[in-house]
Amino acid sequence: MIAKAPVEEKEIDIYFIAGQSNASGYSVFNFNTAVEDNPNFGYGFSNIWYAGDAALSSYYNSDSGKVAGFIKYAHGGTALLDNISGENASNGNWVSLSYEATISPQSPGNLTGGLYRDFLAQVQKNVAQLRMLGYTTINFKGLFWMQGESDKGNPTEYEKAFKYFVEDVRDDLGEIAETDLSALPVFVGEISRTSGSADISTVDTNIAFIAMQQGLPDVIDNVYVIASGDYDINQLVRGSNVAVGTDTWHWNQEDMIAIGNLVGESILENVLGV
């Protein structure tokens, strides 16, 4: 990062990616087919940095001189609700402090809210690195939240938890940025309508959860929904489930890139106004 830091640049826009495995980009990736589609998928985009494991290059590029960074913190199989089993048993879940105050937390100060606290720690670490590089103006521009597969059976409680999550993450990121982020844009990726399986009962559960996600902008300001639900991960073929994603839970490379572009387009429209 130090070697690549442009001496003349002192301002950077930061975006966040958080959630579970589809937020981390869990997918089989073929370098050759990716670079055939767009060499930047393999070699990176100018003026866009990633901390974590690209989209907006029409705005952030060497010609415009504008620079963006992405900070990603995601953990597969983890929950926004207070589940501390399975994948949540290692680093915890995404319960935020205000939501925790409304429930009887299973593991207060430890697994309950563990990922949420670790996300904030990751942001603080990366912001400190950017300041060491001479970036005196660090603008937090938006958060892409791709999570829900672990909690899809309880959309009513999820909506409640998500309201608290958005309020808390805006407050906590605002403290790190030392500015008011009460209107920070939050982009919500729909789970796939065939997440887990294309069986009718599973699809019905998924569709009910997606309907809740689609209603979030009506109850929380500056929330935008990414229409990723129509990208199938599974299909029924002669009555049997067939994964068309990387596996039964994760999108394939082509769909991951397509969804990433949807997020970029929404940022361009709703944050950057271009």
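Guide: A salt bridge is a side-chain nitrogen of Lys or Arg within 4 Å of a carboxyl oxygen of Asp or Glu. The model discussed here is predicted.

Visitor: What makes the contact of Lys160 and Glu157 a salt bridge?
Guide: The cut-off is 4 Å. The N to O distance between the side chains of Lys160 and Glu157 is 4.0 Å, so the pair counts under that cut-off. Both residues lie in helix 7, three residues apart, about one turn of the helix.

Visitor: How many salt bridges does the structure hold?
Guide: The structure holds four. Among them is the one in which the side chains of Arg193 and Asp230 meet, at 3.8 Å, N to O. That pair links distant parts of the chain, 37 residues apart: Arg193 is in the loop between strand 5 and helix 8 (200–214), and Asp230 is in the loop between strand 6 (223–226) and strand 7 (234–237).

Visitor: Is Asp232 buried or exposed?
Guide: The relative accessibility of Asp232 is 17%, and buried means under 20%, so Asp232 counts as buried. Asp230, at 56%, is over the 50% cut-off and therefore counts as exposed.

Visitor: How do you know that the length of helix 6 agrees with its number of residues?
Guide: At 1.5 Å a residue, its 19 residues (114–132) should span 27 Å, and the end C-alpha atoms are 27 Å apart, so the two values agree. Its buried residues include Leu115, Phe119 and Val123. Helix 6 is followed by Gly134, which has a positive phi near 100°.

Visitor: What makes Asp180 exposed?
Guide: Its relative accessible area is 62%, and exposed means over 50%. Asp180 lies in the loop between helix 7 (155–177) and strand 5 (186–189). Together with Glu167, Asp171 and Glu175, Asp180 belongs to a patch of negative charge on the surface.

Key
Residues numbered from 1 in each chain as written. Predicted model: local features only at pLDDT ≥ 70, side-chain atom pairs only at ≥ 80, totals over all residues. Heavy atoms only, no water. Patch = residues over 30% accessible without salt bridge, like charges linked within 9 Å, V, L, I, M, F, W, Y side chains within 5 Å. Areas by Shrake-Rupley, 256 points an atom, 1.4 Å probe, with all protein chains shown as cover. Lys, Arg positive; Asp, Glu negative; His and termini not counted. Charge placed at Lys NZ, Arg CZ, Asp CG, Glu CD. Helix = DSSP H or I, 4+ residues; strand = E, 2+ residues; numbered from the N terminus. Buried < 20%, exposed > 50% of the residue type's maximum accessible area, 1.4 Å probe, protein only. Expected span 1.5 Å × (residues − 1).
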